[in-house]
Amino acid sequence: NLLRESEYLDEGDKPTRRGELTAQLRTENEYAMAEVLLSQGVLDDLTAPQFAGAISALLNDSNRENLFVKFRLSTEAIQALQKVDLLYKRVDKLQHKHRVDVPLTLNPVASALVEAWAQGCTWERLIAATNIGEGDIVRQLRRTADVLRQISRLSELPHALTHTAKEA
């Protein structure tokens, strides 16, 4: 019912263009990720490093306390994540309405690290700027790279967005 209401499935339960795109994603919440990617003006104007940092926030499920990062996330990525947060509120209401219990993750704690890495920051400088464990950083970078690769292959998205994902 959620997918029909959101136009991911047609009346005959066949995937629409939006549904086809969502079926190609492998994340914690494919529906929420598709909503972000398909919403004009959310991620459209980001550079590749900013895009990587923003996508990272959608994938980071770490709930450890007292983590710090000395890098600052770009203003543009912060603004994009503010838009995602508003979008997630709408997605959460729709999921709740249809009794869909799939988590919505928005945690930018490592996003500045991902953005810096995508800008060419050295590993030594990256790990010196945080108390996040090296293994956790590697895991976040790999998850982000995997989803960026998936996004870069989505023919249903505007070329500029898939190109940014590929570059990131």
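The structure is a predicted model, in which local features need pLDDT of at least 70, side-chain atom pairs count only at pLDDT 80 or more, and totals for chains, interfaces and linings use all residues. Residues are numbered from 1 along each chain as its sequence is written, and side-chain values use heavy atoms, with hydrogens and water left out.

The protein chain contains nine helices and zero strands, where helices (H or I, at least four residues) and strands (E, at least two) are DSSP runs numbered from the N terminus. The order of elements from the N terminus is accordingly α-α-α-α-α-α-α-α-α. The radius of gyration, taken over C-alpha atoms, is 16 Å, close to the 15 Å that the globule rule gives for 168 residues, so the chain is as compact as a globular protein of that length; the globule rule is 2.2 Å times the number of residues to the power 0.38. Along its principal axes, the C-alpha trace spans about 55 × 35 × 25 Å.

Buried residues make up 46% of the 168 residues, with buried meaning under 20% relative accessible area, exposed over 50%, and partly exposed in between (1.4 Å probe, protein chains only). Contact is defined as heavy atoms within 4.5 Å. Of the contacts with a separation of 6 or more, 69% are accounted for by residues 24 or more positions apart. The chain carries 21 positive and 24 negative side chains, and the centres of the two sets lie 1 Å apart. For this count Lys and Arg are positive and Asp and Glu negative, whereas His and the chain ends are not counted; the place of a charge is taken as NZ of Lys, CZ of Arg, CG of Asp or CD of Glu.

In soluble globular proteins, nonpolar side chains tend to be buried together. A nonpolar core is here a set of buried Ala, Val, Leu, Ile, Met, Phe, Trp, Tyr and Cys residues joined through side-chain atoms within 4.5 Å. The largest such core in the model has 50 residues, and those touching the most other members are Leu37, Leu43, Phe51, Ile55 and Phe71. Two or more residues are given to this core by each of α3 (30–38), α4 (48–59), α5 (75–97), α6 (111–118), α8 (134–152) and α9 (159–167). Helix α5 provides the largest share, eight residues.

Helix α3 is largely enclosed by the rest of the structure, because eight of its nine residues are buried. These are Tyr31, Ala32, Met33, Ala34, Glu35, Val36, Leu37 and Leu38. Their cover includes α1 (2–5), α2 (17–23), α4, α5, α8 and α9. Beyond its neighbours within four places in sequence, Leu37 is in contact with Leu25, Leu43, Phe51, Ile151, Leu154, Leu157 and Leu161. In the loop between α3 and α4 lies Gln40, which counts as exposed at 77% relative accessibility. The C-alpha atoms of Gln40 and Thr27 are separated by 20 Å, the two residues being 13 residues apart along the chain.

Thr164 is located in helix α9 and has a relative accessible area of 11%. When residues up to four places away in sequence are not counted, Thr164 touches Leu46, Thr47, Ala48 and Phe51. Thr164 and Asp44, although 120 residues apart in sequence, are 8.9 Å apart in space, C-alpha to C-alpha. In helix α8, Arg143 is buried, with a relative accessible area of 17%. Its contacts, leaving aside neighbours within four places in sequence, are Glu28, Leu59 and Asp61.

The loop between α1 and α2 holds Glu7 and Asp13. Phi of Glu7 is near 65°, a positive value in a residue other than glycine, and phi of Asp13 is likewise near 65°. Glu7 is exposed, with a relative accessible area of 56%, whereas Asp13 is partly exposed at 40%. Ala128, in helix α7 (residues 123–128), counts as exposed at 54% relative accessibility.
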